[in-house]
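Let's walk through a protein chain together, one step at a time. Please keep the model open beside you as you read.

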Amino acid sequence: MSTTIQRSDNKGIPLKFPGPIGLAAGFDKNGSAIPGLFQLGFSFVEIGSVTPEPQDGNARPRSFRLVEDRGVINRFGFNSLGAESVRGLLGEYRGEFGGRGAELAVVTDDDDGSEESKNDDSEEEGGRSVITNKLLWALGWAWHRLMIIPPNQGILGVNLGKNKTSDDEIGDYTTGIRKLGPYADYLVINVSSPNTPGLRSLQQREPLYNLLTSTMKARDEYAPHAPVYVKIAPDLSLSEMEDVAAVVMETGIDGMIVSNTTNARPESLVSPNKREVGGLSGAPIKNRSTECIRTMYKLTNGTIPIIGVGGVGSGRDAYEKLKAGASLVQVYSMMVYEGPGVVSRIRKELADLLVENGYKSVEDVVGADCEDIYWNRVEERVKKRMEAEKIVTV
């Protein structure tokens, strides 16, 4: 069920995902658990949000379960080790397992390059010790790689945020791209967390245009391989979503993530924790998130890839978001209630639903709820396949 994400107008950078189910940002904020997360079965993992400078986030307690509603409220406030520390962790991960930025990682465990180390080597007759040390290191490295279980191959995204006290959002996101972009398969500009004062104002038309234009330039300079997505809130009005859609189309951004947590509190909530301040996620926002996906898909005429997130806990939930217009979906809060096994179950249920409904691939179901756009895209895909077959035949 691999999926290639690229704008239908052929602008932007294509990226092939091995599967449609990924982990949303917020679970692994600093990139310290990437190998284990891939082993759970995620096809892509998004770490962050990462801020340029370290910050503690909001005071504890700052995360609350709404057990009766299968939801979560958090007000973490971008707690982060900072871009420099996360760069070190990503360098270690890439150095161990390969991928983007692996060439930047330097192994220093056995040879720190110090004068003392060099002197020790030079004291041995004929340089034999140098050869022996390097051979032992190589054997140890090979043994280590054979004895560990490598993670499943997947796509690594890095979600970027701004510092709470910063008044230079463009500088903050540029710093994140410069330091972390070389290690990322894709980058996310998060302008929709409800827990950082003033952040959501960046979703307004002019500030968003200025921010995305600047971050795209930074991407081109520091991480030209990485698609850039913008993550938006589910609390936008229709006119605000129209503005976001217009900016996304104008700037050539590679895609959108729809949506973040919500400040709204549905009347259906029964948990006492519903009164807590923060962003609500999980089952209570599933329908709102899906509707936002459908709206943004229509407003962009299906040309901008969407990663759908919000209340995904079953294959049916994922299927509904794909039909609404998402090309991929992310999971987070429902792992609290379903456990890590939910990943494999979602994948299996989704595959069964595709077969039952006559779809041959994930791409074939994307946007099926929006019939006019959907059939135009089907026609375009058929034409491309016919042209490709004609070229091969000739």
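Among contacts in the chain with a separation of 6 or more, 72% are between residues 24 or more positions apart; contact here means heavy atoms within 4.5 Å. This is a predicted model, in which local features need pLDDT of at least 70, side-chain atom pairs count only at pLDDT 80 or more, and totals for chains, interfaces and linings use all residues. Residues are numbered from 1 along each chain as its sequence is written, and side-chain values use heavy atoms, with hydrogens and water left out.

The chain has 13 helices and 13 strands. Both are DSSP runs numbered from the N terminus: helices are H or I runs of at least four residues, and strands are E runs of at least two. Of the 394 residues, 50% count as buried. Buried means under 20% relative accessible area, exposed means over 50%, and partly exposed lies in between (1.4 Å probe, protein chains only). The chain exposes about 18,700 Å², and carbon and sulfur atoms supply 50% of that area. Accessible areas come from the Shrake-Rupley method with a 1.4 Å probe, and for residues only the protein chains shown count as cover.

Let's go inside. In soluble globular proteins, nonpolar side chains tend to be buried together. A nonpolar core is a set of buried Ala, Val, Leu, Ile, Met, Phe, Trp, Tyr and Cys residues joined through side-chain atoms within 4.5 Å. The largest one here has 76 residues, and Leu90, Leu187 and Met296 have the most contacts inside it. Helix 11 (residues 342-356) supplies the largest share of this core, 6 residues. A second, separate core has 13 residues, including Leu15, Val188, Val309 and Leu328.

Which residues does leucine 90 contact, leaving aside its neighbours within four places in sequence? They are Ile34, Ile47, Leu156, Val158, Leu180 and Tyr183. Methionine 296 counts as buried because its relative accessibility is 0%. Not counting residues up to four places away in sequence, methionine 296 touches Ile232, Met241, Val244, Ala245, Met256, Val258 and Ile306.

Finally, look at some details of the backbone. Glycine 48 and serine 49 are joined by a cis peptide bond, with omega about 10°, and serine 49 lies in strand 4 (residues 44-50). The bond from arginine 60 to proline 61 is cis too, with omega near -5°. Proline 61 sits in the loop between strand 4 and strand 5 (63-66). Arginine 70 is not a glycine, yet has a positive phi of about 55°. Arginine 70 is in the loop between strand 5 and strand 6 (71-74), and counts as partly exposed because its relative accessibility is 31%.
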